[in-house]
Amino acid sequence: MPEFPAGLLPSLLKADTTSRASNTDILSFFSKTPLLIDRLRYIRDSYKVVFTELLLEDDTRVGFYKESNGLLVWQGSYLTRSAESHLSWHSVTAAISTLVDNHELIAAIDPKRAISQDEQLSFDLPENASRGDEVGTLEVDDIYSEEEQDEKIKAALPTYHYKEPQPDDGGHIAEDDVNVIITRGSVFEGGKYRIYNHFQQKKTEKETVAFLKKEYGIGGFSWTFADGGSGFVNFDGKGFSIIYDFKDNLRYEKKLKWKEVGKRLEYLVRMDRYLTDPVLGRISLCIWELWLFCSLLWF
C-alpha cells in the first residue's frame with residue numbers, strides 16, 4: 001500500500017480533535033518544556049486509543065489510531081484506505097514541534113468562555129444593590145500599573161521549574177555506554193548495514209558527516225544505561241545528545257558532534273566492534289548463499 005502523503009501530515013496533526021490533548025494544552029506544555037523527551041512522553045500519553053477520522057479543508061478524508069509504538073495514519077476511510085503509514089512517537093513529536101515553532105498549531109477559542117464586549121464594558125450594579133461606604137473612595141494609588149498587573153498575574157499562575165541538563169564528566173554516561181549507543185545504528189531499517197558499508201569505503205570527513213546527518217535525520221529513542229539508569233538519545237543537524245535522567249529532576253548530558261561520531265564509528269568498525277558476531281554470521285551466510293547461487297547459474 002502507498003505511503004501516507006507527507007503533504008497531508010501537518011493538516012492532520014494540527015487538527016484540534018478530542019482524541020488527543022487540545023492545541024491549547026499542547027502549546028502551553030511546549031512553551032514550558034523545551035526537552036524533546038518530555039514533549040514525546042506528553043504527546044504519546046495525550047492520544048487516546050480510538051479510531052479517528054476527519055475531513056481536511058479540501059474535503060480529503062484522513063484518520064489516525066494510537067498504537068503502542070507510534071501513530072497509524074491513513075488516507076480515505078479506514079476500510080477502503082488508499083494509503084497508510086506508521087509514524088514513531090519521535091516523528092509525531094518532531095512534526096508537532098515544527099508546527100508549534102512555525103505558529104501553525106492554532107488554539108481554538110471557546111465561544112462559551114468568551115466574555116462579550118458589553119459584559120467587559122459594563123460596570124452597572126444590579127437593581128436594588130446596596131452601595132457601600134467605599135463607593136467613591138477609589139484613589140489613583142489603588143490602580144495597579146501594567147508592570148504590577150503582570151507581576152500579580154504571573155504570581156497567580158502555576159509555575160514549571162525546568163532544569164537544564166548538566167554537562168556530564170563521565171560520572172554517569174560511561175564511554176562504554178556511548179559506544180554501545182553508537183553501535184545501535186540509526187532508527188531506520190537497514191541503517192546499521194548502510195553505516196557499516198560506508199566505513200568500508202574511503203570517504204572524506206565531510207562526506208561522512210553529510211552521510212550521518214542524512215542517515216540519522218532528526219529524532220531519537222529512549223535508552224537504558226549499563227547501570228540500570230534511564231535516559232534518552234537525541235540527534236539532529238548538530239550531532240548526538242545523550243541524556244541521563246538522575247534523581248530529583250537532575251539530568252546529565254553528553255554531546256557529540258557528527259565529526260566525533262564519525263571518528264568513533266570508524267574506530268569501532270576498524271576494530272570489529274561495530275557488528276556483533278550474530279550479525280556478522282548472517283552477513284557471511286548471505287554472501288555464501290549468493291556465491292552458491294551464482295555458481296549454479298555459471299555451471
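Biologist: Is Asp59 buried or exposed?

Modeller: Asp59 is exposed, with a relative accessible area of 60%. The cut-offs are under 20% relative accessible area for buried, over 50% for exposed and partly exposed in between, using a 1.4 Å probe and protein chains only. This is a predicted model, in which local features need pLDDT of at least 70 and side-chain atom pairs count only at pLDDT 80 or more, while totals for chains, interfaces and linings use all residues. Residues are numbered from 1 along each chain as its sequence is written, and side-chain values use heavy atoms, with hydrogens and water left out.

Biologist: Where is Asp59 placed, and what is its phi?

Modeller: Asp59 sits in the loop between strand 1 (52-55) and strand 2. Its phi is positive, about 65°, although Asp59 is not a glycine. Helices (H or I, at least four residues) and strands (E, at least two) are DSSP runs, numbered from the N terminus.

Biologist: What about the phi of His103?

Modeller: The phi of His103 is also a positive value in a residue other than glycine, near 60°. His103 lies in the loop between helix 4 and helix 5, and it is exposed, with a relative accessible area of 67%.

Biologist: How many helices and strands does the protein have, and where is confidence lowest?

Modeller: There are 11 helices and nine strands. Confidence is lowest in helix 5 (residues 117-121), with a mean of 51, and highest in helix 10, at 94. The average pLDDT (the predictor's confidence in each residue, from 0 to 100) is 80 for the protein, and 74% of the residues score at least 70.

Biologist: Which residues form the aromatic cluster?

Modeller: Tyr216, Phe221, Trp223, Phe235, Phe240 and Trp258 form one aromatic cluster. Rings of Phe, Tyr and Trp (its six-membered ring) pair if their centres lie within 6.5 Å; planes under 30 degrees apart count as stacked, over 60 as edge-to-face and the rest as tilted. By this rule the count comes to 15 aromatic pairs. One of these is the edge-to-face pair of Tyr216 and Phe235, at 5.2 Å centre to centre with 70° between the planes.

Biologist: What does that pair tie together?

Modeller: Tyr216 lies in helix 9 (residues 205-216) and Phe235 in strand 7 (residues 230-235), so the pair ties together parts that are 19 residues apart in sequence. Both Tyr216 and Phe235 are buried. Tyr216 also forms a tilted pair with Trp258, at 5.3 Å centre to centre and 35° between the planes. This second pair links helix 9 to helix 10 (residues 258-270), with Tyr216 and Trp258 42 residues apart.

Biologist: What lies over the face of Phe221?

Modeller: Arg184 does, at 3.9 Å from the ring centre. The rule asks for NZ of Lys or CZ of Arg within 6 Å of the ring centre and within 35 degrees of the ring normal. Lys192 likewise lies over the face of Tyr274, at 4.4 Å from the ring centre.

Biologist: Lastly, what does Leu268 touch?

Modeller: Not counting residues up to four places away in sequence, Leu268 touches Asn179, Ile182, Thr183, Arg273 and Tyr274. Leu268 is in helix 10 and counts as buried, at 1% relative accessibility. Leu268 and Thr183 are 85 residues apart in sequence and 8.0 Å apart in space, C-alpha to C-alpha.

Definitions and conventions:
Contact means heavy atoms within 4.5 Å.
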